[in-house]
Amino acid sequence: MGTLRGKGVNIMANGSQPLYRRIADELLSAIESGKLISGSQLPTEHELAREFDVNRLTVRRAISELQRVGAVEIQRGRGTFVSTPPDLIEVVMNVGHSAQRSDSIQETLASGSTFDTREYIASIYADPELPIECDELTHEVIRIDTRMMRGRQLWILNSYYIDARYSDIAPAVDEHGFVIRALRNHYGLSLEYRWRAFSAEAANFEDAAQFGVATGTPLLVRDGVTALRGGEPLFYVRRRLLGERAKFVLHYTREAEDLS
């Protein structure tokens with residue numbers, strides 16, 4: 001049972017979150033690190049309560065949090081099992097370079113809006129844990145988290161994993177309003193998309209806390225890699241929006257290639 005505990009952390013020492021959430025965090029870390037593999041059964045509530053030195057009600061709330069984010073599945077009469085990731089259907093569409101002049105989300109928000117559409121840097125991590133999508137990046141990477149607000153409410157949460165050579169980007173973002181514009185206008189870079197993807201995800205603990213919603217709330221996620229003109233990957237970005245606040249539309253025009 002001791003193998004579930006993450007890095008010897010004393011969960012009682014961190015008072016910034018409720019105890020059940022801290023237990024859920026540790027169990028989620030064990031799942032994400034592969035200590036608990038897909039399809040495997042979690043220890044019983046009694047065993048987890050003994051492992052974490054808490055009562056079973058606290059463990060039950062932690063399991064419920066994991067269920068909300070889709071990390072575990074409760075099978076009545078059998079126990080709790082690590083969920084199998086869903087099979088994703090990939091829909092691929094090739095888009096020409098002429099359609100890559102701007103970041104569609106940012107430019108749409110910046111045009112004609114009656115509320116603040118700037119990006120505000122929330123935090124910079126010098127040694128971040130890297131998602132698998134960052135395998136395309138060939139340089140040392142930092143993580144920059146930015147927020148876009150609608151009034152006092154968080155609207156879009158962005159995470160950039162970007163070449164560490166641009167670790168001094170914060171003042172340029174303050175000046176130009178967006179990370180993309182800072183890279184173009186301050187550093188003089190010419191950028192192009194490598195790929196963009198859209199998916200629906202359940203809000204994890206961190207994102208749920210940022211948005212002020214329950215874990216498991218549907219998020220619309222747009223992620224992708226942007227490169228320097230010529231093909232060298234520059235950054236991976238992951239944008240999260242509350243699913244109820246956006247829809248994406250493709251407009252087909254006569255300029256498009258005739259597919260008949």
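**Talking through a pocket, a helix and a core**

Modeller: Let's start with the second largest pocket, which has a volume of about 250 Å³. Keep in mind that this is a predicted model.

Biologist: Which residues are closest to the centre of that second largest pocket?

Modeller: Of the 15 residues lining it, Glu45, Ile63, Ile74, Gly79 and Thr80 are closest to the centre. To count as lining, a residue needs an atom within 4 Å of a pocket point.

Biologist: And what elements supply the lining?

Modeller: At least two residues each come from α2, α3, β1 and β2. The largest share is from α3, with 3 residues.

Biologist: Now α1. How do you know that its length fits a helix of 14 residues?

Modeller: Helix α1 covers residues 19–32, and at 1.5 Å a residue it should span 20 Å. The expected span uses one less than the number of residues. The end C-alpha atoms of α1 are 20 Å apart, so the model agrees with the expectation.

Biologist: What makes you call α1 largely enclosed by the rest of the structure?

Modeller: Buried means under 20% relative accessible area. In α1, 10 of the 14 residues are buried, so the helix is largely enclosed. Among them are Tyr20, Arg21, Arg22 and Glu26, as well as Leu27 and Ile31.

Biologist: What covers those buried residues of α1?

Modeller: The cover includes α2 (45–52), α3 (56–68), β1 (72–75), β2 (79–82) and α7 (205–211).

Biologist: Which side chain does the Glu65 side chain make a polar contact with, and what makes it one?

Modeller: Its partner is the side chain of Arg21, at 2.8 Å. A polar contact needs N or O atoms within 3.5 Å, so that value passes. Leaving out neighbours within four places in sequence, Glu65 is in contact with Tyr20, Arg21, Ala24, Phe205 and Thr215.

Biologist: What about the largest nonpolar core: which residues have the most contacts inside it?

Modeller: That core has 22 residues, and Leu27, Ile63, Leu66, Ala71 and Val72 have the most contacts inside it. Helices α1, α2 and α3 each supply at least two of its residues, and α1 gives the most, with 7 residues.

Biologist: What does Val72 touch, not counting residues up to four places away?

Modeller: Val72 touches Ile31, Leu42, Ile63, Leu66, Gln67, Thr80, Phe81, Val82 and Ser83. There is also a second, separate core of 19 residues, including Tyr166, Val173, Val179 and Ile180.

Biologist: One more: what makes the phi of Asp53 worth a remark?

Modeller: Most residues other than glycine have a negative phi. Asp53 is not a glycine, yet its phi is positive, about 55 degrees. Asp53 lies in the loop between α2 and α3.

Biologist: And how do you know whether Asp53 is buried or exposed?

Modeller: Exposed means over 50% relative accessible area. Asp53 has 67%, so it is exposed.

Methods:
Residues are numbered from 1 along each chain as its sequence is written. This is a predicted model: local features need pLDDT of at least 70, side-chain atom pairs count only at pLDDT 80 or more; totals for chains, interfaces and linings use all residues. Side-chain values use heavy atoms; hydrogens and water are left out. Helices (H or I, at least four residues) and strands (E, at least two) are DSSP runs, numbered from the N terminus. Buried means under 20% relative accessible area, exposed over 50%, partly exposed in between (1.4 Å probe, protein chains only). Contact means heavy atoms within 4.5 Å. A polar contact is a pair of N or O atoms within 3.5 Å; within protein, one must be able to donate a hydrogen and the other to accept it, and residues adjacent in sequence count only if both atoms are side-chain atoms. A nonpolar core is a set of buried Ala, Val, Leu, Ile, Met, Phe, Trp, Tyr and Cys residues joined through side-chain atoms within 4.5 Å. On a 1 Å grid over the protein atoms alone, a cavity is a set of points where a 1.4 Å probe fits but cannot get out, and a pocket is an open set with protein on both sides within 12 Å along at least five of seven lines; lining residues have an atom within 4 Å of a point. Grid points are joined across faces, edges and corners, and a volume is the space filled by probe spheres set on the points.
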